[in-house]
Amino acid sequence: MRNKSILLVGGTGYIGLELYRQWNPGNTICYTGRRSPSHVTPEELEDYRYLDLGVKESIHQVLRERVYDYIICLAARVQIDMQSSPTTLSKGDVLYDCNVEGLKSFMEIAKETPSRIIYFSSMTVYDKNNPSPVKEDSFLFPFHTYGQSKMLGEKKFAESLESSTASGAILRIPGIFGGKRQGGYIHHIVQKLRSEEPVFLDVGGVVYWETLYIYDLISMLEEWMECYPWGDSSCEIFNLCYGQETDFVGTAHSLKKLLGSTSTISLSEAPSYGVFYMDNTKVRQYWSPHQTYDYRAALRRYIHDSLV
């Protein structure tokens with residue numbers, strides 16, 4: 001993708017900075033946050049803009065700077081409470097104020113622009129009991145309050161586009177691994193396997209984990225953005241994913257084999273989690289027919305890239 005103006009709202013986070021660094025050469029990109037990041041170069045800091053979803057003037061100020069071809073809404077609080085019920089989320093909660101009300105405030109202003117606006121949502125909006133692969137029109141019933149905040153955010157986003165000059169779409173993604181992220185299931189497993197340490201997997205209550213390599217996400221996103229027939233104010237939803245069944249325990253064993261590790265892998269109990277993954281048929285029509293995205297190939301690339 002070249003010669004585009006792009007605004008990454010919430011771009012100081014993990015995904016945002018990876019997008020910025022991949023797209024910065026050849027495009028005009030600004031990334032926003034409530035505070036300037038400390039882990040960027042002076043040159044990268046020049047493209048940072050202050051934007052707080054709770055301060056409307058900061059939104060106006062950024063959107064007045066230029067007309068953006070694309071606005072990508074990444075801003076979100078990620079707070080996973082597996083013990084809470086989705087029905088407990090309400091106004092005044094941090095997740096609600098940022099992921100729902102904050103998004104609504106931004107869209108009230110952004111909808112008056114001619115931009116193509118993309119809202120990053122999550123696979124956690126789906127009912128985990130849906131038959132897999134889970135399609136975009138499957139039943140929604142978030143497992144926790146973060147998922148509910150994304151589901152409500154989707155609703156606010158779509159409603160804002162009903163009478164707007166902007167066009168938009170919603171992308172639901174799984175957990176992401178790779179790049180600069182120094183955490184998460186796959187990262188920690190690889191670290192232990194490389195050190196030949198025993199690996200203990202707590203499989204109780206497993207529902208979600210990282211199943212999409214960051215650089216595949218960026219490639220999938222870029223292909224879709226350039227080929228999608230933008231135009232009207234309708235708001236389509238797409239699953240951005242491999243569309244392949246993955247397994248929590250199986251991933252650990254695959255990584256062990258790829259690394260040639262002699263570490264032992266033990267489980268807290270017999271696995272009782274079900275099959276749960278998204279279908280990508282809808283988004284795949286906008287990818288090159290010669291492009292192949294594969295989870296196991298991504299694990300190999302991650303291992304190779306993390307050594308460089």
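Biologist: On what basis are the values given?

Modeller: In this predicted model, local features need pLDDT of at least 70 and side-chain atom pairs count only at pLDDT 80 or more, while totals for chains, interfaces and linings use all residues. Residues are numbered from 1 along each chain as its sequence is written, and side-chain values use heavy atoms, with hydrogens and water left out.

Biologist: What is the strand order of the open sheet?

Modeller: Strands of a sheet pair through backbone hydrogen bonds, either parallel or antiparallel. Here 7 strands follow the order S3-S2-S1-S4-S5-S6-S10, with parallel pairing; strands are DSSP E runs of at least two residues, helices H or I runs of at least four, and a pair needs at least two DSSP bridges. S3 (48-50) and S10 (235-239) each have a single partner strand, so one side of each lacks a neighbour in the sheet.

Biologist: Which residue of S3 is the bridge partner of Tyr31?

Modeller: The partner is Tyr48. Strand S2 (residues 28-33) and S3 run parallel, joined by 3 bridges.

Biologist: Which strands does helix H4 touch?

Modeller: Contact means heavy atoms within 4.5 Å. Helix H4 (residues 94-110) touches S1 (5-9), S4 (70-73) and S5 (116-122).

Biologist: Which residues touch the most other members of the largest nonpolar core?

Modeller: Such a core joins buried Ala, Val, Leu, Ile, Met, Phe, Trp, Tyr and Cys residues through side-chain atoms within 4.5 Å, buried being under 20% relative accessible area (1.4 Å probe, protein chains only). Of its 61 residues, those touching the most other members include Trp23, Phe120 and Leu201. Helix H7 (residues 214-227) gives the most to this core, with 7 residues.

Methods
Axes fitted to C-alpha atoms, helices over the stretch in contact; angles between N-to-C directions. Buried < 20%, exposed > 50% of the residue type's maximum accessible area, 1.4 Å probe, protein only.
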